[in-house]
Amino acid sequence: MSGLNTSLAYFFTVIGLSALGRVLLARWRRRLGFLTELISAFALAGCRLEIETIAEVGQWAGALGPDVTYTMLFIAVTIHAIIMQGVSGNPAVTVMGFLQKEIGVVATLLSVASQFLGAFLGLLVAGKYWEMELTDMHMIKNLMMSECSTALRAPMLHGAVAEAISAMTFYLVYLVLRNRTQLLRIPIMALLLTFLAYAGSNYTSGFVNPSLAFALTFNCPGHTFSEYALVYWLGPLIGMTLALFLYLGNIPLLFNRNLLYSKKSRFRVPKGKNSEEKTN
């Protein structure tokens with residue numbers, strides 16, 4: 001249990017620092033919104049890296065099984081969503097806003113760059129934390145840093161398809177629930193992310209987040225950078241675009257008219273009124 005207690009202390013530290021940064025930047029959110037994306041991506045990567053540590057070595061170095069791994073993932077995603085409301089830490093969500101004409105080119109580029117930087121900082125912080133070797137689990141993880149296990153356990157093409165399908169499912173639900181109450185939206189999205197991680201554990205781990213995947217698996221041997229990019233960057237972007245197209249019927253940045261659904265008037269004019277107007 002000492003390993004779990006240490007991991008919980010690490011989680012609370014990362015989340016606490018991220019929440020403090022979010023509060024400090026709240027007054028300048030419109031001008032410095034990209035910095036809140038950095039903080040959000042940092043919190044996601046920092047927590048998920050520790051969860052991956054529990055998944056890799058926790059079972060035989062700390063008696064922590066898969067039930068602990070997925071429970072911690074659900075809790076971490078839920079707390080992150082509560083603290084970082086309105087901030088995704090996910091480049092695919094940012095690009096979705098750009099495709100919907102909700103944000104401009106400059107804001108999109110700044111946010112995406114900040115998200116990748118935040119994820120990289122999360123990797124650096126986690127690495128320093130593992131170097132402290134507070135438990136046997138973290139000592140082993142520190143020794144495995146240069147030979148980490150890749151999350152891509154399927155052929156490249158299969159992995160790209162799996163990640164695209166996972167992303168399409170996630171972002172379609174995200175769009176459907178976007179205007180719903182947080183009490184409904186947050187637990188459903190956290191549960192869905194946990195399920196995608198479980199279902200994709202033997203394929204790609206179902207990250208559906210390009211910057212998160214960059215921090216978690218791009219430095220692991222077994223595949224080239226371009227192969228990782230195809231699976232974890234192009235796959236989620238394709239899945240997100242398909243989800244947006246299925247939900248809206250078009251891509252607002254590319255098409256002006258709806259290509260899938262016909263827009264019908266919500267108000268019907270009584271037939272009697274039409275006939276009277278024609279008579280007049």
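1. Surface patch. Leu246, Leu253, Leu254, Phe255, Leu259, Leu260 and Tyr261 make up a nonpolar patch on the surface, and together they have about 620 Å² of accessible area. Areas come from the Shrake-Rupley method with a 1.4 Å probe, and for residues only the protein chains shown count as cover. Patches are made of residues with over 30% relative accessible area and no salt bridge; like charges are joined within 9 Å and nonpolar side chains (Val, Leu, Ile, Met, Phe, Trp, Tyr) within 5 Å. Leucine 260, a member of this patch, sits in the loop between α10 (225–248) and α11 (271–279). Its relative accessible area is 43%, so leucine 260 is partly exposed. Here buried means under 20% relative accessible area, exposed means over 50%, and partly exposed lies in between (1.4 Å probe, protein chains only).

2. Basis of the values. The model is predicted: local features need pLDDT of at least 70 and side-chain atom pairs count only at pLDDT 80 or more, while totals for chains, interfaces and linings use all residues. Residues are numbered from 1 along each chain as its sequence is written, and side-chain values use heavy atoms, with hydrogens and water left out.

3. Overall make-up. The chain has 11 helices and zero strands. Helices (H or I, at least four residues) and strands (E, at least two) are DSSP runs, numbered from the N terminus. Taken along the principal axes, the C-alpha atoms fill a box of roughly 90 × 45 × 35 Å. Of the 280 residues in the chain, 46% are buried. The chain exposes about 15100 Å², of which carbon and sulfur atoms supply 65%. Among contacts (heavy atoms within 4.5 Å) with a separation of 6 or more, 74% join residues 24 or more positions apart.

4. Nonpolar core. In soluble globular proteins, nonpolar side chains tend to be buried together. A nonpolar core is a set of buried Ala, Val, Leu, Ile, Met, Phe, Trp, Tyr and Cys residues joined through side-chain atoms within 4.5 Å. The largest one has 60 residues, and Phe170, Tyr171, Phe207 and Tyr232 touch the most other members. Helix α2 (residues 33–61) gives the most to this core, with seven residues. Leaving out residues up to four places away in sequence, tyrosine 171 touches Asn90, Ala92, Val93, Met96, Val208, Pro236, Met240 and Ala243.

5. Helix α7. This helix (residues 156–177) has 22 residues and reaches 31 Å from its first C-alpha to its last, close to the 32 Å expected at 1.5 Å a residue. The expected span is 1.5 Å times one less than the number of residues. Its buried residues are Gly159, Ala160, Glu163, Ala164, Ser166, Ala167, Phe170, Tyr171, Leu175 and Leu177. Their cover includes α4 (91–99), α8 (182–199) and α10.

6. Salt bridges. Side chains of opposite charge can pair when their charged atoms come close. With a salt bridge taken as a side-chain nitrogen of Lys or Arg within 4 Å of a carboxyl oxygen of Asp or Glu, the count comes to three.

7. Pairs involving α2. Glutamate 52 and arginine 48 meet in a salt bridge (3.5 Å, N to O). Both lie in helix α2, four residues apart, about one turn of the helix, and both are buried. Glutamate 56 forms a salt bridge with lysine 141, with the closest N and O atoms 3.0 Å apart. Glutamate 56 is in helix α2 and lysine 141 in helix α6, so this pair ties together parts that are 85 residues apart in sequence. Lysine 141 is buried, at 6% relative accessible area.

8. Pair between loops. Arginine 178 and glutamate 102 meet through their side chains in a salt bridge (3.6 Å, N to O). The pair links distant parts of the chain, 76 residues apart: arginine 178 is in the loop between α7 and α8, glutamate 102 in the loop between α4 and α5. Arginine 178 is partly exposed, at 28% relative accessible area, whereas glutamate 102 is exposed, at 51%.

9. Backbone points to check. Glutamate 133 has a positive phi of about 50° although it is not a glycine. Glutamate 133 lies in the loop between α5 (105–131) and α6 (136–143) and is partly exposed, at 34% relative accessibility. Serine 205, also not a glycine, has a positive phi of about 75°. Serine 205 lies in the loop between α8 and α9 (210–217) and is buried, at 7% relative accessibility.
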